[in-house]
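Subject: Structure for you to look at

Hello,

Here is the structure I promised to pass on. Please open it beside this email and follow along.

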Amino acid sequence: MSYQGKFRVWRGDDSGGALEDFTVEVNEGEVVLDIIHRLQATQAPDLAVRWNCKAGKCGSCSAEINGRPRLMCMTRMSVFEESETITVTPMRTFPIIRDLVTDVSFNYTKAREVPSFAPPKDLAPGEYRMQQVDVERSQEFRKCIECFLCQNTCHVVRDHEENKEAFSGPRFLMRVAELEMHPLDTADRVDQAQDEHGLGYCNITKCCSEVCPEHIHITDNALIPMKERVADRKYDPVVWLGNKLFRRS
Ligand code: SF4
Ligand code: SF4
Ligand code: FES
């Protein structure tokens with residue numbers, strides 16, 4: 001069963017652009033990325049779109065569909081009414097390169113700013129031992145496919161270019177939390193999260209968690225526990241004194 005679907009797709013580049021209307025064939029079982037590919041094949045051969053796996057695993061095809069940040073390859077056409085006009089726009093938080101492709105290098109910059117795992121100096125690879133519970137805690141965060149939909153959604157940077165320098169965003173605050181929760185990591189990630197990655201900007205609205213295609217509980221399991229550790233260190237006088245005396249180096 002197929003029908004002619006109505007689409008509005010943003011076309012343009014960093015100097016400006018506009019939504020363009022298209023009518024495209026839709027077939028049973030298709031996803032939004034199939035429609036974008038058919039649009040390229042039949043009416044707009046120069047339409048720029050980034051994709052790779054078409055299986056929700058590479059994190060390349062992030063866009064906004066009817067205003068909601070989603071993966072195009074994981075958004076089934078069957079969730080829309082046949083009469084509905086479906087609007088596809090690029091992620092709003094990052095600079096436009098062309099059409100649906102944005103420059104996500106902000107995220108790579110922030111990734112590089114997180115110091116890597118720092119095991120004890122005398123521990124050789126292969127000698128690491130961890131409890132299963134510690135493995136499981138970080139495994140949830142390791143499901144991240146780096147689609148950057150959470151980064152795109154977070155209101156701290158979405159319409160606030162001026163916050164980008166000080167705020168690393170949910171994906172990289174989650175990375176800091178993952179390392180902080182690692183029993184063998186020796187770096188001090190608590191002050192780092194607050195002072196260098198802007199944890200204080202986060203007011204736990206959970207919008208990042210709502211759009212995560214891997215259903216990672218970013219706010220509940222990474223951001224809130226980090227905020228609790230910051231609060232303990234800064235405001236609990238016993239912990240504060242203990243940290244002054246026995247701080248990890
Ligand atoms: S919970 Fe924090 S990081 Fe997530 S969207 Fe809200 S403010 Fe941003
Ligand atoms: S945490 Fe989720 S939404 Fe954010 S980049 Fe990773 S997979 Fe995407
Ligand atoms: S194409 Fe890989 S996640 Fe959509």
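Below are my notes on its pockets, its ligands and some of its strands.

One thing before you start: this is a predicted model. Please keep that in mind as you read.

**The largest pocket**

Start with the largest pocket. Its volume is about 260 Å³. Its lining is made of 17 residues. Five of them lie nearest the centre: Met74, Val211, Cys212, Pro213 and His215. Two elements give two or more residues each to this lining, namely strand 4 (68-71) and helix 8 (207-211). Strand 4 supplies the largest share, with four residues. By type, the lining holds eight nonpolar, four polar and five charged residues.

Now move to the second largest pocket. It holds about 180 Å³ of space. Its lining consists of Met1, Tyr3, Val26, Asn27, Glu28, Gly29, Glu30, Arg76, Met77, Ser78, Phe80 and Glu82. Five of these residues are nonpolar, three are polar and four are charged.

**Ligand 1**

Next come the ligands. Ligand 1 sits in the second largest cavity. Helix 8 and helix 9 (218-235) are the elements that give two or more residues to the shell around it. That shell includes Cys154, His155, Pro170 and Cys202. Also among its residues are Asn203, Ile204, Thr205, Lys206, Cys207 and Cys208.

**Ligand 2**

Ligand 2 sits in the largest cavity. Around ligand 2 you will find Cys144, Ile145, Glu146, Cys147, Phe148 and Cys150, among others. Arg171, Met174, Cys212, Pro213 and Ile218 are also in this shell. Nine of the shell residues are nonpolar and two are charged. None is polar.

Look again at Cys212 and Pro213. Both are in the shell of ligand 2. Both are also listed among the residues nearest the centre of the largest pocket.

Last, the strands. Strand 1 spans residues 2-13, and strand 2 spans residues 16-27. They pair in the antiparallel sense, over 12 bridges. Together they form a hairpin, with two residues between them. To find your place, look for Arg11, which stands opposite Ala18 in strand 2.

Strand 1 also pairs with strand 5 (residues 85-89). This pairing runs in the parallel sense, over four bridges.

Which residues stand opposite Arg8 in strand 2 and in strand 5? In strand 2, the bridge partner is Asp21. In strand 5, Arg8 stands opposite Thr87.

Best wishes

Definitions and conventions: Residues are numbered from 1 along each chain as its sequence is written. Chains are lettered from A and ligands numbered from 1 in the order in which they are written. This is a predicted model: local features need pLDDT of at least 70, side-chain atom pairs count only at pLDDT 80 or more; totals for chains, interfaces and linings use all residues. Side-chain values use heavy atoms; hydrogens and water are left out. On a 1 Å grid over the protein atoms alone, a cavity is a set of points where a 1.4 Å probe fits but cannot get out, and a pocket is an open set with protein on both sides within 12 Å along at least five of seven lines; lining residues have an atom within 4 Å of a point. Grid points are joined across faces, edges and corners, and a volume is the space filled by probe spheres set on the points. Ala, Val, Leu, Ile, Met, Phe, Trp, Tyr, Cys and Pro count as nonpolar, Asp, Glu, Lys and Arg as charged, and the others, Gly among them, as polar. A residue is near a molecule or strand if one of its heavy atoms lies within 4 Å of it. A molecule sits in a cavity or pocket if more than half of its atoms lie within 2 Å of its grid points. Two strands pair if DSSP finds at least two bridges between them.
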